[in-house]
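Here is a short briefing for a first look at this structure. Keep the sequence and the 3D view side by side while reading.

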Amino acid sequence: MNTPRLVIAAPSSGSGKTTVATGLMAAFAGRGLAVSPHKVGPDYIDPGYHTLATGRPGRNLDAYMCGPDRVAPLFAHGAAGCDLAVVEGVMGLYDGASGQGELASTAQVAKLLRAPVVLVVDASSQSRSVAALVHGFASWDPQVRLGGVILNKVGSQRHEALLRDALEESGLPVLGVLHRAEQVAVPSRHLGLVPVAERRGDAVGAVAAMREQVVAGCDLEALMALARSAPPLPGEVWDAAEAIGGCGGPVPLSAPAGAPVVAVASGAAFTFSYAEHTELLTAAGAEVVPFDPLRDEALPEGTRGLVVGGGFPEVYAGELSANAALRKAVAGLAESGAPVSAECAGLLYLARSLDGLPMCGVLDAEARMSKRLTLGYREAVAVSDSVLAAPGTRVRGHEFHRTVLEPGAGADPAWGMHQPERRVEGYVQRGVHASYLHTHWAAAPGMARRFVERCGQ
């Protein structure tokens, strides 16, 4: 494929990558271009803003969870038929999985995509030193092509002139200058930015402000020319049907009554999901039907399986608890032995209580908020036979929460963790698989296939 593409990176977190990347996506989409949005790493929240900016699913590119070999195929899948792809980086340009070199870094993904990098620099507390900073990032890895700089949080016209003069010696063009603008700020809380689904109207305004600032301060023609300079990207395009078919033999025929209905939790309380999960479930023969546990008092008609992903149930514990009819329906589905996959927020929703408020009661466990952030990549192996995996199945995932579940594992745990410490975690009981671990099924399509097969039994 030969889709024009840019990677938006920065020296460190907090430099303004999200503002610039989202603003660029919205600016080019506003010109009538089909823009494919992507995010390096496991973050679920930024892609929501990308989707709002482009009207297309925000997709993650995670070389740790999915493996370096899948990054370009997954990118090509998402960017197919688009005029431009914009990839927002993670952390600092060269920051990756802890202790594993460049793995999962923005730099690694940029190299895998053969994409030019635009460095967003927070210039609020520097002038001539910006040239040394940019020179260091440009020369650290010769395989990373740094194509230009966007200066963020510039204080004045005088400040801008000093920065431009300093960067003339670097040989890298200044592709944009963004002055301080409070209206672009997006509120955050204990796990980062507040998701789009929770503040739809305000989020639309924030994305519009990002677009206006980028249009006013960036050279869109030069940025598009840089994106078009990316060479053709060789290799295959990821396909959900092929991935499911590659799990062993042809996809089984649907149940006699038709494709089994798999209900997927959505809405403000459950916003964490990867677009490929739904695509894989569909490719495996399911009819995927979203529902909102905050509003819907019953599961979708004909539900044969349930997927409850991540999100913020702790923020909506009162509303979730008040929906007693749905809690009873979820508990009844689990009691029947139907397949249920719950990750992180879903795990809490299935617990007996969350911060003292009744939840579904599927798991004999209590959940509560904690001051401690649990965050990081994990290596895990399936301990118990479940609707997702056979014992011994190895996966890579990540944890991201400020909650505690007691006890943290059932009589039949879901996963054995290998790092950062050895432990068992999660619950497998009847058809339920519940765990804090977030996984990316594009790396393990057999999980989606196995789940749908169990739904059809």
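In which sense do strand S14 and strand S16 pair, and over how many bridges? S14 (residues 353-354) and S16 (residues 366-382) run in the parallel sense, and two bridges join them. The model is predicted.

**Strands around S16**

- In the parallel pairing of S14 with S16, Ser353 has Glu366 of S16 as its bridge partner.
- Strand S17 (residues 394-406) also pairs with S16, in the antiparallel sense, over 12 bridges.
- Glu379 has its bridge partner, Gln419, in S18.

**Helix H2**

- Helix H2 spans residues 45-54 and is mostly covered.
- Seven of its 10 residues are buried.
- Among the buried residues of H2 are Ile45, Asp46, Pro47 and Tyr49.
- His50, Ala53 and Thr54 are buried as well.

**Ser435 in strand S21**

- Ser435 sits in strand S21 (residues 432-435).
- Its relative accessibility is 1%, so Ser435 counts as buried.
- Leaving out residues up to four places away in sequence, Ser435 touches Ala342, Glu343, Cys344 and Leu347, among others.
- Its contacts also include Ala414, Trp415, Glu425 and Gly426.

**Salt bridges**

- The count of salt bridges comes to 20.
- Side chains of opposite charge can pair when their charged atoms come close.

*Glu279 and Arg59*

- Glu279 forms a salt bridge with Arg59, and their closest N and O atoms are 2.7 Å apart.
- Glu279 is in helix H10 (residues 275-283) and Arg59 in strand S3 (residues 59-61), so the pair ties together parts 220 residues apart in sequence.
- Arg59 is buried, because its relative accessibility is 7%.
- Glu279 has a relative accessibility of 25%, so Glu279 counts as partly exposed.

*Lys153 and Asp122*

- Lys153 forms a salt bridge with Asp122, and here the closest N and O atoms are 3.7 Å apart.
- Lys153 lies in strand S6 (residues 146-154) and Asp122 in strand S5 (residues 117-122), so this pair ties together parts that are 31 residues apart in sequence.
- Lys153 is partly exposed, with a relative accessible area of 29%.
- Asp122 is partly exposed at 23% relative accessibility.

*Arg352 and Asp364*

- Arg352 and Asp364 form a salt bridge, with the closest N and O atoms 1.9 Å apart.
- Arg352 is in the loop between helix H13 (345-350) and S14, and Asp364 is in the loop between strand S15 (357-358) and S16, so the pair ties together parts 12 residues apart in sequence.
- Is Asp364 buried or exposed? Asp364 is exposed, with a relative accessible area of 56%.
- Arg352 counts as partly exposed at 36% relative accessibility.

Terms used
Residues are numbered from 1 along each chain as its sequence is written. This is a predicted model: local features need pLDDT of at least 70, side-chain atom pairs count only at pLDDT 80 or more; totals for chains, interfaces and linings use all residues. Side-chain values use heavy atoms; hydrogens and water are left out. Two strands pair if DSSP finds at least two bridges between them. Helices (H or I, at least four residues) and strands (E, at least two) are DSSP runs, numbered from the N terminus. Buried means under 20% relative accessible area, exposed over 50%, partly exposed in between (1.4 Å probe, protein chains only). Contact means heavy atoms within 4.5 Å. A salt bridge is a side-chain nitrogen of Lys or Arg within 4 Å of a carboxyl oxygen of Asp or Glu.
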